[in-house]
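Please look at the sequence and the model first.

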Amino acid sequence: MRTVLLVDMDYFYVACEELRHPEIKGVPAVVGMDPKGGSGRGVVMTCNYEARKFGIRSGMPISMAYRIKPDAIYLPLDYYYYDRISAKVMAAIKPLAGKFEQVSVDEAYMDVSAKIAHASEALEYAMTVQKRVLDDVGIKCSIGIGPNKLIAKMACESAKPAGIKQVKEEEVGEFLKDMEVGKLYGIGEKTAQKLRKLGYSTVGQLSKANMMRMMELFGAFGAEMVRNAKGIDDSAVVENYGIKSIGREFTFDSDTDSGMEIEARIGELGRGVSLEVSKSKKSFKTITLKLRYADFTEHLHSKSIKVTDSPEMLISTAVNLYRQNADRSRKIRKIGVRVSNLVDYSGQKKII
DNA sequence: TCTGGGGTCCTAGGACCC
DNA sequence: TCTGGGGTCCTAGGACCC
């Protein structure tokens with residue numbers, strides 16, 4: 001029997017900002033793209049609970065947030081700063097885990113089976129973890145506890161803010177039974193819609209679905225869904241083994257069909273990607289250009305070349321992908337450049 | 001109200017090689 | 001003259017998560 005914790009920082013980016021700007025505590029604050037007086041095209045990344053009282057939510061268009069509450073504090077994103085705080089948090093709690101898996105900047109799984117004698121001690125152990133984050137870094141987190149990662153993750157949702165929620169093995173069925181099917185981890189809006197049409201509106205109903213039929217309809221994912229709906233998840237808590245791709249994206253202030261403007265931006269994105277690539281000491285093989293047109297349709301175009309770490313190759317390949325594939329009759333809203341098939345740096349010939 | 005940017009994983013057809 | 005099967009890589013698209 002395992003005991004797994006999912007530790008999730010509360011409104012992480014704003015919590016980071018509160019550390020260096022204590023004066024924003026208790027007033028509505030939003031971290032996200034520049035609202036530009038209401039004409040900005042980005043979204044809200046995170047907001048504190050004071051902002052939520054007014055109906056502002058993460059993922060909401062920043063222009064809408066601005067309309068609701070123009071006098072809220074709007075802060076730009078500072079990923080480097082958040083990464084530093086994140087590293088502090090992870091360093092604080094990692095020693096408390098048997099096995100540790102960071103899943104994002106503000107979330108980590110901890111398998112604590114080896115740290116406690118029985119699941120009944122998990123609640124107390126989680127309080128220790130929470131306290132450690134608060135004492136060492138000064139921010140609050142919520143913790144979900146379950147017999148596996150899936151249940152820990154979903155328990156955490158009902159622990160927010162600043163709470164702890166444990167779902168014991170024998171409580172899993174009851175916990176999931178009446179849950180809306182879209183709330184099951186891994187099921188998004190598209191799949192939820194399909195499932196509802198098939199008559200599966202709750203996780204409990206999905207758990208009783210015919211496995212073979214679900215596999216016909218959804219492939220391997222269908223079987224996985226039914227297992228998850230039963231609360232089964234055997235995936236281990238494992239240390240991350242490195243990044244698979246590196247990319248940068250940019251949304252234009254207004255949609256454009258200017259080849260010059262677009263190619264200049266591809267160059268800038270390419271340089272940004274190159275910088276990250278060299279920081280991570282990798283070379284790459286595949287370059288992917290993403291085009292989002294004004295109507296939001298998205299297309300990917302990729303090209304694999306000889307393994308390289310050359311920024312020039314990256315940019316010229318991306319520009320060629322644009323020239324060869326873009327529909328010039330339509331305006332473009334967003335472009336992205338990404339490299340994948342990463343291998344450890346080998347650009348420099350070494351004499352052995 | 002009008003929709004970001006960073007990622008991951010899966011599928012499927014076709015090319016190519018043995 | 002007609003016909004293999006397996007494995008891997010490439011490309012494009014789609015769904016999902018934070």
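In strand S4, Tyr 74 is the bridge partner of Val 30. Strand S2 (residues 29-32) and S4 pair in the parallel sense, over three bridges, where two strands count as paired if DSSP finds at least two bridges between them. Helices (H or I, at least four residues) and strands (E, at least two) are DSSP runs, numbered from the N terminus. The sheet to which these strands belong is open, has three strands in the order S3-S2-S4, and shows mixed pairing. Strand S3 (44-47) and strand S4 (73-75) stand at its edges with a single partner strand each, so one side of each is left without a neighbour in the sheet. On average, neighbouring strands of this sheet are turned by 25° against each other, direction ignored.

This is a predicted model, in which local features need pLDDT of at least 70 and side-chain atom pairs count only at pLDDT 80 or more, while totals for chains, interfaces and linings use all residues. Residues are numbered from 1 along each chain as its sequence is written, and chains are lettered from A and ligands numbered from 1 in the order in which they are written.

Chain A is divided into domain 1 (4-10 + 88-170), domain 2 (14-79), domain 3 (178-229) and domain 4 (245-344), with bounds that come from an automatic or database domain assignment. The C-alpha centres of domain 1 and domain 3 lie 27 Å apart.

Another open sheet has five strands in the order S5-S6-S1-S7-S8, again with mixed pairing. Its edge strands are strand S5 (99-104) and strand S8 (164-166), each of which pairs on one side only. Neighbouring strands here are turned by 15° against each other on average, direction ignored. S5 and strand S6 (residues 107-111) run antiparallel and are joined by five bridges; Ala 108 in S6 is the bridge partner of Gln 102.

Contact requires C-beta atoms, placed from the backbone, within 7 Å; axes are lines fitted to C-alpha atoms, for helices over the stretch in contact, and angles run from 0 to 180 degrees between N-to-C directions.

| Helix | Strands touched | Angle with the direction of S7 |
|---|---|---|
| H5 (residues 122-136) | S1 (4-9), S7 (141-146), S8 | about 155° |
| H6 (residues 149-157) | S1, S6, S7, S8 | about 140° |

## Helix H4

The 15 residues of helix H4 (residues 79-93) should span 21 Å at 1.5 Å a residue, and the end C-alpha atoms are 21 Å apart, which agrees; the expected span is 1.5 Å times one less than the number of residues. A residue is buried if 20 or more other C-beta atoms lie within 10 Å of its own, exposed if 12 or fewer, and partly exposed in between, with C-beta atoms placed from the backbone. Tyr 82, Ile 85, Ser 86, Val 89 and Ile 93 are buried in H4. Seen down the axis of H4, these buried residues fall within an arc of 105°, so they line one face of the helix; the arc is that of the directions from the helix axis to the C-beta atoms. They pack against S1, helix H1 (12-20), S6 and H5, whereas the face turned away from the buried side carries the exposed residues Tyr 80, Asp 83, Arg 84 and Ala 91.

Note on methods
Two residues are in contact if their C-beta atoms, placed from the backbone, lie within 7 Å.
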